[in-house]
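Subject: Structure for your review

Dear colleague,

Please find the structure below, followed by an account of what was found in it. I would be grateful if you read the two side by side.

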Amino acid sequence: MIKPKFYPISFSWVAFHPKPRGIIQFIGGAFFGTFPTIFYHHFLQEIYQAGYSIIALPFRFSLRHWNVANSLLDEQNRLQCSLPKIAENMEYDPEIYRKSANYHWIGHSLGCKYIALLELMTNINDVRNSSYSKIPFNLDYDGIFNQSSILISPDISDLDSAIPLGPLVTLLNKLNVTVQPDRKTTLNLIRDSRLFQLTGMISFDKDDIAGSIKDQNPDVSDVLWLYNYLQKKSHQVTELPGKHLEPLGWKIGSYIVDFNIFDKFIKPLKQWKLSGTVDSFLQEFKQKLKN
């Protein structure tokens with residue numbers, strides 16, 4: 001069984017598959033996304049073993065999410081310039097790294113918001129609402145409109161997704177400090193855009209942070225709002241058993257373990273369906289791109 005070896009390249013961690021079917025760019029959630037190769041260890045291993053090279057993109061903490069998204073876009077383009085040569089030096093075929101459509105995005109929790117902002121920043125976007133002028137388009141790049149994305153437990157909410165510390169969130173709310181863009185602005189931009197044609201979503205039925213498709217109010221459930229939106233576009237959406245931190249964990253024997261008493265703590269791998277679902281989505285996107 002091939003295990004990924006991550007190399008520090010630019011500001012990211014990259015694992016080259018010897019014969020990749022594509023390249024996965026992964027962004028994790030608040031705090032956990034700062035150390036993606038540690039906290040998402042088993043998930044990234046499974047995606048690698050399914051035949052994908054992996055780029056794990058840590059992100060710095062900020063309440064200015066447009067700025068973070070712009071830095072991620074810069075990072076993607078630096079890597080797309082350098083990876084073909086590095087792959088060639090490692091005696092791998094460099095061609096797959098040269099085509100933008102071979103790159104795919106997977107986000108978890110807050111990471112999904114950054115992927116949504118990256119899509120909104122594409123130069124061909126045609127959003128026409130009061131927030132349009134606030135999108136910091138980077139005219140040097142084409143964005144990610146031709147790259148598929150999978151949103152896992154998408155958390156588009158405000159301070160509570162950016163800062164996983166309740167007392168600090170309460171204090172900042174009292175001081176009228178908010179993230180930019182906030183939830184309402186982000187969802188309005190998504191709703192009014194004709195983008196997101198290659199977007200799928202995986203949610204979990206016991207997720208009390210991002211929500212579930214079984215929720216009643218899309219005004220407070222990011223998953224339900226996105227489910228309604230993506231369903232209208234006939235996109236891939238599915239809900240699996242689990243809680244918000246289901247993607248986290250390490251493989252120990254025949255179990256996946258995250259040692260979190262508020263999450264799964266320990267779970268038989270045969271009940272952990274995430275990586276197989278992701279691979280199925282990616283294959284459907286590949287066929288969609290061909291068509």
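Helix 4 (residues 110-120) and helix 7 (residues 183-192) have axes that come within 11 Å and cross at roughly 50 degrees. That angle makes helix 4 oblique to helix 7, where angles under 35 degrees count as roughly parallel, over 145 as roughly antiparallel, 65 to 115 as roughly perpendicular and the rest as oblique. The crossing of these two helices is left-handed, meaning that the near helix is turned anticlockwise from the far one by less than a right angle, and a right-handed crossing is the clockwise case. Axes are lines fitted to C-alpha atoms, for helices over the stretch in contact, with angles from 0 to 180 degrees between N-to-C directions. Helices (H or I, at least four residues) and strands (E, at least two) are DSSP runs numbered from the N terminus.

Please note that this is a predicted model, in which local features need pLDDT of at least 70 and side-chain atom pairs count only at pLDDT 80 or more, while totals for chains, interfaces and linings use all residues. Residues are numbered from 1 along each chain as its sequence is written, and side-chain values use heavy atoms, with hydrogens and water left out.

On the helix 4 side, Lys-113, Ala-116, Leu-117 and Leu-120 meet Thr-186, Leu-189 and Ile-190 of helix 7, contact meaning heavy atoms within 4.5 Å. By class, this contact has five nonpolar, one polar and one charged residues. Here Ala, Val, Leu, Ile, Met, Phe, Trp, Tyr, Cys and Pro count as nonpolar, Asp, Glu, Lys and Arg as charged, and the others, Gly among them, as polar.

Helix 4 also packs against helix 3 (residues 65-89), their axes coming within 9 Å and crossing at roughly 75 degrees. The two helices are therefore roughly perpendicular to each other. Helix 3 contributes His-65, Trp-66, Val-68, Ala-69, Leu-72 and Leu-73, which meet Leu-110, Lys-113, Tyr-114, Leu-117, Leu-118 and Leu-120 of helix 4. These residues divide into ten nonpolar, one polar and one charged.

Eleven of the eleven residues of helix 4 are buried, so this helix is largely enclosed by the rest of the structure. Buried means under 20% relative accessible area, exposed over 50%, and partly exposed in between (1.4 Å probe, protein chains only). Lys-113 and Glu-119 are among the buried residues of helix 4.

Within helix 7 lies Thr-185, which counts as buried at 18% relative accessibility. Its side chain is joined to that of Asp-182 by a polar contact of 2.8 Å (a pair of N or O atoms within 3.5 Å; within protein, one must be able to donate a hydrogen and the other to accept it, and residues adjacent in sequence count only if both atoms are side-chain atoms).

Helix 7 is also part of what covers the buried residues of helix 8, together with elements including strand 6 (149-152), strand 7 (199-204) and strand 8. Among those buried residues are Asp-222, Trp-225 and Leu-230.

His-235 lies in the loop between helix 8 (222-232) and strand 8 (237-240), and at 5% relative accessibility His-235 counts as buried. Not counting residues up to four places away in sequence, His-235 touches Phe-196, Gln-197, Leu-198, Thr-199, Leu-230 and Lys-288.

Lastly, helix 2 (residues 41-49) and helix 9 (residues 274-290) pack at about 40 degrees, with their axes 9 Å apart. Helix 2 passes helix 9 in a right-handed crossing.

Yours sincerely
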